[in-house]
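Hi,

Here is the model I promised to pass on.

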Amino acid sequence: MSITSGSILKQFDTRQLRMVVPVIGLMVMVAILGPLYGVIPLGGVQSLGILYWALGFIDCFTNNGTWLVCPDASLPGGLNLVFGLPMAMLASAVQRLTGAEPLIAYSVAGLVFLGIGIASCFKLLLHFGVERIWAVIGTLLFYSLPIVHGKASYVFLMWGFVMFPATIFSIVFYWRSESRLIAFTVLVLSLLLALFQEPYSFVMAVVFGFVWTMVHALHAPADQRLTVLIRIGGWLVACAIAVAAYKVYVPSSDDFAVMPVDFFRGQGIDLIAFNARSSGNYLFDMPWAVSDLVPQHYFSDGESVAHTYLGIGISICVIAFLAAIRFWKKPTYLAVTVVAFAALLLSLGPSLKIDDHRDIKPNSQYTFQDYLMPEGAATLALPHRFVYGINPINKMRAVSRWYLLFSMMAVIVVAIILSRAASRPTTRILGIGLVVWLGVEYAPNYESKLQSNANFAAQFNKFNEEAVVDLSKGVTKGETVLFMGAGGADNEYLSLYLCEQVGCKTYNAPGDKALADSWRKWPAVVGKAAATNTPTEDRPDLIHALLQQDLADVVVIPNFDLRWDSYQWPPASEKLKATHDQVVSLYSSSEQVCVESNELFTFIRRCKP
């Protein structure tokens, strides 16, 4: 047989197309979803708060040439990043290579995470036998759900959720791949990334993996049982490697506070929230849905009422799947069904709630106790209450986040139903109609997102122009700083970011888990001076003592709250003045320390002789 130049060119073109088309498809999906996640254009600001300490870590890694520990915070000894490490490392690498600002580096890292997540979700859906077009639609649906993009105020958590399909795909790939070593390596790396990026994602992936493993073990033919046992052993080893690595990096991970069962009850999803749509999340209003539930009404901080809309389209697909497909006959379908049911049950919390609400108090009056929901306030106690006492599920405080795992399984079901409907002439029109319905019902509100991003970006820039500049007037590069509020130190989100901007080092650590670990390392006099329960009249002497011992060069007391004012800037001018006057009057009367202040900060130093 002769080989012509035309046939060679045709084969070459076919191979090129097979390589180029998926890349183009991925780029198109990233371009569609990028604005929703604040990474297109680069430098988008979707929220403040935790973003500041995320950027602080990125800068700290870059400025000190480190990858795992930030030496500029949690003195002495430095600070480990309890969650978000993979993204912080990637953004720092981008920053070192390009010299970009931390916000741009963060956006580039987000683009990479989003691209990996989209590609993984697409491949995961293909593994369930759906056609490519339905895998694309399923992927777009998953990333359009608020349970993923709505977590923007928890920046590192959101990117862990973005990468969640990659973790699930690695588990499915591990069981299906003929190359055991490659599959095991991918699994270990994926579990490590999930745990270090966001432990919630890891625990949910472990639950999926456990069910997937058990279902395959029970359905394995007799001649494959040894292979299955080997796979189970590899799965357990991979999980153990990830957990061991995390415990070495964060030795205090076992000490994280476990909330009482009433807290889990309050954070569970009320059934009414499955029909609740936040106006900023969706493009179109649905007449049957309730809108903008007040979080405090339902013992929540917002997640359990704003990101859990189930809707008609997904419900139809789930019902069709359960009614028309013998899912119990196929191990993969059975695993998806069991996982979806378990995740939905876990997302409810220990009690069934049906519009179980309470009277609303002004926000300023809310304390931790207000998030505790008594058993009698719920409709019905559920039998799985004991699960919330099992480690590590008992560390997953935000119970409603289990809805992510349910959503992932639901999207798999949607893709399967659409693919089956399209394959039959009698149901093809129904399938097309369902696609249109899904597009209308779950279309995200891009305009609202972009307006919100612009608002946050303006606040972010104003903070840098005001707070960073004012701090630089009283703190010089290389100095050691203790940040305190007027009543002591308590979870200062802004401390690390501020220090990185002016080049100082600080005892403080952003985040409640990191702060608890830092307190254990602080010299006794530093801890006593910063403690919120220290009597006000004792604080000047304690500050003088730590300055005399050269434990710090300067104590900085902001006239604003380093946590609560990180969410929105600027604070009210009356609040700034009141705090300024209170602090200055307390410390100016002391002859042992010298006090200087400007609009936003008060600086306390040892007096020069």
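Below is what I found, going from the whole chain down to one residue.

A word on the source: this is a predicted model, where local features need pLDDT of at least 70 and side-chain atom pairs count only at pLDDT 80 or more, while totals for chains, interfaces and linings use all residues. Residues are numbered from 1 along each chain as its sequence is written, and side-chain values use heavy atoms, with hydrogens and water left out.

**The whole protein**

You'll find 23 helices and 11 strands in the protein (DSSP runs, numbered from the N terminus: H or I of at least four residues for helices, E of at least two for strands). Its radius of gyration is 26 Å, close to the 25 Å from the globule rule for 609 residues, so the protein is as compact as a globular protein of that length. That radius is taken over C-alpha atoms, and the rule is 2.2 Å times the number of residues to the power 0.38. Along the principal axes, the C-alpha atoms fill a box of roughly 95 × 70 × 50 Å.

Of the 609 residues, 53% count as buried, meaning under 20% relative accessible area with a 1.4 Å probe, protein chains only. If you take the contacts (heavy atoms within 4.5 Å) between residues at least 6 apart in sequence, 76% of them join residues at least 24 apart.

**Domains**

The domain assignment, which is automatic or from a database, gives domain 1 (18–197 + 218–237), domain 2 (256–442) and domain 3 (468–606). Taken over C-alpha atoms, the centres of domain 1 and domain 2 are 23 Å apart. Their contact takes 28 residues from domain 1 and 31 residues from domain 2.

**Two spots to look at**

Helix α7 (residues 155–162) is mostly covered, with eight of its eight residues buried. They are Val155, Phe156, Leu157, Met158, Trp159, Gly160, Phe161 and Val162.

The other spot is leucine 542, in helix α22 (residues 539–548). Is leucine 542 buried or exposed? Leucine 542 counts as buried because its relative accessibility is 17%. Leaving aside residues up to four places away in sequence, leucine 542 touches Val525, Lys528, Ala529 and Thr534. Tryptophan 235 is 307 residues from leucine 542 along the chain, and the C-alpha atoms of the two are separated by 53 Å.

Cheers

Key. Buried means under 20% relative accessible area, exposed over 50%, partly exposed in between (1.4 Å probe, protein chains only).
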